[in-house]
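Let's take a walk through a protein model together. Keep the picture handy, and follow the chain as we go.

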Amino acid sequence: MALIVYGTQYGTSKQYAEELAAITGDPVIDCQQLPKELPEAHVIFVGSVYIGRMTGLKKVLQALASTKNELTIVTVGMTDSLSEELVAGIHQPIAAKVAEKKITLRGCYHLQGKVNYDELALKHKLVIKPMVAAFKKKPANELDEQAKMLLQAFDQTNANEPAIDFAALAKRMK
């Protein structure tokens with residue numbers, strides 16, 4: 001049995017965490033409501049990634065004890081989960097933070113996030129809008145993989161959520 005914890009800004013990580021909990025039967029909790037210590041040995045943390053930072057990771061690491069907890073990380077962001085190089089760029093600094101705390105890391109996984117521009121906070125709109133405008137001015141062959149993914153995600157605003165095989169993901173995590 002594991003405890004599924006989520007950290008979210010706009011709700012996608014919460015949706016993913018709740019879906020995993022429905023499949024696994026594990027309890028789920030918002031990272032903002034974590035107790036100081038976690039009795040469950042295995043914690044699955046599903047958190048959104050914005051500009052290299054994972055929402056709630058600091059709070060989760062504070063609640064874990066190196067001698068009794070193991071952690072599985074599931075990042076949720078605009079990076080395509082099939083882009084191994086970009087996903088590794090997200091997971092390496094997170095794994096380093098977990099290692100500093102001397103917590104056993106069972107694995108890191110990545111799920112595709114989504115953007116609904118209308119729901120973004122002003123601070124995020126102020127970052128994303130000029131970036132998207134600059135990317136749209138460049139020829140496609142001059143854009144790196146991350147820029148292409150951001151444009152694709154931005155163009156799919158309000159589209160259906162990406163299809164995720166939660167059952168397969170849950171099985172890999174156990």
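Let's begin with a helix and what it hides. In α1, the buried residues are Thr12, Ser13, Tyr16, Ala17, Leu20 and Ala21. Look at how those numbers are spaced, and keep this in mind: an α-helix makes a turn every 3.6 residues, so residues three or four places apart point the same way. Keep in mind, too, that what you have on screen is a predicted model.

How far apart are the end C-alpha atoms of α1? They are 18 Å apart, and that agrees with expectation, because 13 residues at 1.5 Å a residue should span 18 Å. After α1 comes Gly25, with a positive phi near 80°.

Now step back to take in the whole chain. The protein chain has 174 residues, and 44% of them count as buried. You can find 6 helices and 6 strands in it. Going along the sequence, they follow the pattern β-α-β-β-β-α-β-α-β-α-α-α.

Next up is strand β1, which covers residues 2–7. Is β1 mostly covered or mostly open? It's mostly covered, with 6 of its 6 residues buried. Ala2, Ile4 and Tyr6 sit on one side, while Leu3, Val5 and Gly7 sit on the other, and both faces are covered.

Which strands does β1 pair with? One partner is β3, joined to β1 by 6 bridges, and the two run parallel. Another is β2 (residues 28–30), which is joined to β1 by 3 bridges and also runs parallel to it.

Let's follow β3 towards its end. Tyr50 belongs to strand β3. Tyr50 and Met78 are 28 residues apart in sequence, yet their C-alpha atoms are 8.7 Å apart in space. Then comes Ile51, in the loop between β3 (42–50) and β4 (53–54). Along with Val127 and Met131, Ile51 makes a nonpolar surface patch of about 290 Å².

What about charged partners? The structure holds 1 salt bridge. Glu70 forms this link with Arg106, and the closest N and O atoms are 2.8 Å apart. Glu70 lies in strand β5 (residues 70–77) and Arg106 in strand β6 (residues 104–112), so the pair ties together parts that are 36 residues apart in sequence.

| Residue | Relative accessibility | Counts as |
|---|---|---|
| Tyr50 | 26% | partly exposed |
| Glu70 | 28% | partly exposed |
| Arg106 | 42% | partly exposed |
| Ile51 | 76% | exposed |

Why does Ile51 count as exposed? Its relative accessibility is 76%, and the cut-off for exposed is over 50%. Glu70 counts as partly exposed because its value is 28%, and so does Arg106, because its relative accessible area is 42%.

Definitions and conventions:
Residues numbered from 1 in each chain as written. Predicted model: local features only at pLDDT ≥ 70, side-chain atom pairs only at ≥ 80, totals over all residues. Heavy atoms only, no water. Patch = residues over 30% accessible without salt bridge, like charges linked within 9 Å, V, L, I, M, F, W, Y side chains within 5 Å. Areas by Shrake-Rupley, 256 points an atom, 1.4 Å probe, with all protein chains shown as cover. Salt bridge = Lys/Arg side-chain N within 4 Å of Asp/Glu carboxyl O. Helix = DSSP H or I, 4+ residues; strand = E, 2+ residues; numbered from the N terminus. Buried < 20%, exposed > 50% of the residue type's maximum accessible area, 1.4 Å probe, protein only. Pairing = 2+ DSSP bridges. Expected span 1.5 Å × (residues − 1).
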